[in-house]
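Subject: Structure handover

Hello,

The structure you asked for is below. My notes on it follow.

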Protein chains: 2
Amino acid sequence: MRHGNRVEWALHCALTLAGLGKGQRLSGAALAELYEVPPQYLAKALQSMATAGLVDSVPGRAGGYCLARAASSISLLDVIDAIEGGEPAFRCQEIRRRGPCSRIKSRHFVKPCLLAEAMHRAESAWRRELSGLTLADVLADVAREVPAVIRDALVEWTSSRVT
Amino acid sequence: MRHGNRVEWALHCALTLAGLGKGQRLSGAALAELYEVPPQYLAKALQSMATAGLVDSVPGRAGGYCLARAASSISLLDVIDAIEGGEPAFRCQEIRRRGPCSRIKSRHFVKPCLLAEAMHRAESAWRRELSGLTLADVLADVAREVPAVIRDALVEWTSSRVT
DNA sequence: GTATCATGGATATAAATTATCCGGATATAC
DNA sequence: GTATATCCGGATAATTTATATCCATGATAC
């Protein structure tokens, strides 16, 4: 089980957009440069976030992306779900009903599969952890923990690409 | 992000083996019949569990599989890790160091990526949930919650295939 | 009007998953 | 001892998913 690369890209892009000033935007090409990833493929991830209502996209010259709402209202889970669709990682195939149990009527299987339930509880714990952390939270941590050398370099680059 | 089918198969097989009496075994073919899955592919999952030390495999006529240790000492996480290798689902590619940050010396990146950390904390929550649930726990829930009709059918089938 | 940018569909490539095959080793039944 | 049933592990094939690119379209700034 593993996440696609776009999850990482989307998280970083969302965080970068969260650090922008009011009314500022970055183009897809700029974000692709920032992280050195394929621009047209990154565009798919940005598009997914736009569809999910996390970012606003402005076409045309001086267009680009910015957050659609406050960074404090966007959780990491929101971003991940936008990219991966929010479907559960464990998908019960109900194999418990096969073989010798295939003759048993459906009504006896009223209780969900206990193993599937356990897997879903675990996923809920995962989702809870990620839904409790917003872009604003991470941004605050960045301000506190990331060295000034790095923050300065990012601020400088951003100011050269922002619109 | 999604789990392979073998995870579900392995969990159900492990639970079935946990329900066996002392010294009893089931062959890979029998388990494949029980869940109507491809025998030779299920064998790979059983092999992984054997390699991980979760089940003992006995070759030869009247051979088969049984748990290698007490059901109360095998967690669902043990089974999943045996199948999927226990690698984290999120693998940080350190894209934060690219682009404008590629000139910054490595020593400034001493703190791990905050987004990667958040993802790993979420995975830890997932793992904690699953490591806290053993096959014995689930077996007890089955005894309590699964209708007798189903349990009886399984017991009957098992007794016809066990060695 | 022209250059820049996002959109979304189509398509191509790479990788992981799923599945099968087979020769070899081992233990049991007869 | 021989035949049978079983696990092992490497090789290979088929299928599905992830990754990546291409291009036609429409919107916006200058």
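How many residues surround DNA strand D, and which are the closest? There are 23 of them, and the closest are G4(A), P38(A), G60(A), G28(B) and S57(B). A residue is near a strand here if its C-beta atom, placed from the backbone, lies within 6 Å of it.

Some conventions before the rest. This is a predicted model, in which local features need pLDDT of at least 70 and side-chain atom pairs count only at pLDDT 80 or more, while totals for chains, interfaces and linings use all residues. Residues are numbered from 1 along each chain as its sequence is written, and chains are lettered from A and ligands numbered from 1 in the order in which they are written.

DNA strands

At least two residues of the surface near DNA strand D come from each of helix 1 (5–18) and helix 3 (39–51) of chain A, and from each of helix 2 (28–35), helix 3 (39–51) and strand 2 (64–67) of chain B. Helices (H or I, at least four residues) and strands (E, at least two) are DSSP runs, numbered from the N terminus. Helix 3 of chain B gives the most, three residues. By class, this surface has nine nonpolar, eleven polar and three charged residues. Nonpolar means Ala, Val, Leu, Ile, Met, Phe, Trp, Tyr, Cys and Pro; charged means Asp, Glu, Lys and Arg; the others, Gly among them, are polar.

Around DNA strand C there are 24 residues, with G28(A), S57(A), G4(B), P38(B) and G60(B) nearest. Two or more residues come from each of helix 2, helix 3 and strand 2 of chain A and helix 1 and helix 3 of chain B. Helix 3 of chain A has the largest share, four residues. The classes are ten nonpolar, eleven polar and three charged.

Chain contact

Packing

Helix 4 (residues 76–84) and helix 5 (residues 114–131) of chain A pack at an angle of about 120°, with their axes 6 Å apart. Axes are lines fitted to C-alpha atoms, for helices over the stretch in contact, and angles run from 0 to 180 degrees between N-to-C directions. The two helices of chain A are therefore oblique to each other (under 35 degrees is roughly parallel, over 145 roughly antiparallel, 65 to 115 roughly perpendicular, the rest oblique). L76(A), L77(A) and I80(A) of helix 4 meet R127(A), L130(A) and S131(A) of helix 5.

In helix 2 of chain A, G28(A), A30(A), L31(A), A32(A) and L34(A) are buried. Buried means 20 or more other C-beta atoms within 10 Å of a residue's own, exposed 12 or fewer, and partly exposed in between, with C-beta atoms placed from the backbone. The buried residues of this helix pack against helix 1, helix 3, strand 2 and helix 7 (148–161) of chain A.

Positive phi

E36(B) has one of about 50° although it is not a glycine; E36(B) lies in the loop between helix 2 and helix 3 of chain B and counts as exposed, with 11 C-beta neighbours inside 10 Å. E94(A) has a positive phi near 55° and sits in the loop between helix 4 and helix 5 of chain A.

Regards

Technical notes
Two residues are in contact if their C-beta atoms, placed from the backbone, lie within 7 Å.
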